[in-house]
Amino acid sequence: MDAEAGEKRSAALQQLLLDLECLPAEEVWRVRIFAGLRRVVAERRQLGVYGSGLSELLGAENQHDSSSSSAGPSGAGGEGLAMAVLSLLDAPALAALGRTRRHWRSLPHWPEHWFLLGRQDFGKQRRLVPPGKFERFDQTMLDAEVDWHARYGNFMWAARCPSVEDLRMAVVRVVHSLDLETSGLEEVRRRLAIELQIGHESLLSLECVEQLLEDASSMRSMGGRPLNLVDRSISPLAESLGGHC
């Protein structure tokens, strides 16, 4: 680097420091992440390695032999950088990234992103999740055995079904529109999913639908007469809901 280039670099760094002092802490971290990405690109170019792809840019995927795995940008620091960058994404962006390559879905911190997004997007709301149980997204702590991406999707599907009372009233409306002599539980479940606009009928088990029909029967909702649809002494829906409804 010649003297003139060195002076320009020094002046630019001084101005950058002045600009950073004017930024809030959150923006300083964003600039630092971007600067880290540019440093990775510069180092790889100095080594004569040119490539594209976010995984390479973040250093989250080791493409070197084991002897250099901890020395370069592909080491543990790269995983931390990937964690920081991915934490800035919202659910649609994270899902789109996950569809591009299996690599992202295999990251050890991938489930944690979906857990944190779910807590952020749904808070303490209670929604219907398979197989017909009202839960809060954060009702359980972060657990490696839970598919948090799928759980996020279930909560999105169930946006129109926030309580068991809504379910019961929807069943009453469905019953009024059906000939129960020719319609089975599967058809009631299908109609109920459409009525609630919950996106996928798997949110309701057949046992759940059966219990809801029993509840509708007890409501004497058709001309003051019981519906007499089912006769069960044990309530599977009540068992699954426990005290959460």
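Trainee: Where does Ser205 lie?
Mentor: Ser205 is in the loop between α10 (185-196) and α11 (206-218). Helices here are DSSP runs of H or I with at least four residues, strands are E runs of at least two, and both are numbered from the N terminus. This is a predicted model: local features need pLDDT of at least 70, side-chain atom pairs count only at pLDDT 80 or more, and totals for chains, interfaces and linings use all residues. Residues are numbered from 1 along each chain as its sequence is written, and side-chain values use heavy atoms, with hydrogens and water left out.

Trainee: Is Ser205 buried or exposed?
Mentor: Buried, because its relative accessible area is 13%. Buried means under 20% relative accessible area, exposed over 50%, and partly exposed in between, with a 1.4 Å probe and protein chains only.

Trainee: What is Ser205 in contact with?
Mentor: Leaving aside neighbours within four places in sequence, Ser205 is in contact with Pro131, Gly132 and Arg189. Contact means heavy atoms within 4.5 Å.

Trainee: Gly132, then. Which phi does Gly132 take?
Mentor: A positive one, near 110°. Gly132 belongs to the hairpin of β1 and β2, which has 3 residues between the strands.

Trainee: How many bridges join β1 to β2?
Mentor: 4, between β1 (residues 126-129) and β2 (residues 133-136), and the strands run antiparallel. Strands pair if DSSP finds at least two bridges between them. Leu128 stands opposite Phe134 in β2.

Trainee: New topic. How many aromatic pairs are there?
Mentor: The count is 9. Rings of Phe, Tyr and Trp (its six-membered ring) pair if their centres lie within 6.5 Å; planes under 30 degrees apart are stacked, over 60 edge-to-face, the rest tilted. Take Phe115 and Trp148: their ring centres are 4.8 Å apart and the planes are at 70°, so this pair is edge-to-face.

Trainee: Where do Phe115 and Trp148 sit?
Mentor: Phe115 is in helix α7 (residues 110-122) and Trp148 in helix α8 (residues 148-157), 33 residues apart. Both are buried. Phe137 and Tyr152 also make an edge-to-face pair, 6.5 Å centre to centre with 80° between the planes.

Trainee: Why does Phe137 count as buried?
Mentor: Because its relative accessibility is 0%. Tyr152 counts as buried at 8%.

Trainee: What sits over the ring of Phe137?
Mentor: The charged end of Arg151, 5.7 Å from the ring centre. The rule asks for NZ of Lys or CZ of Arg within 6 Å of the ring centre and within 35 degrees of the ring normal.
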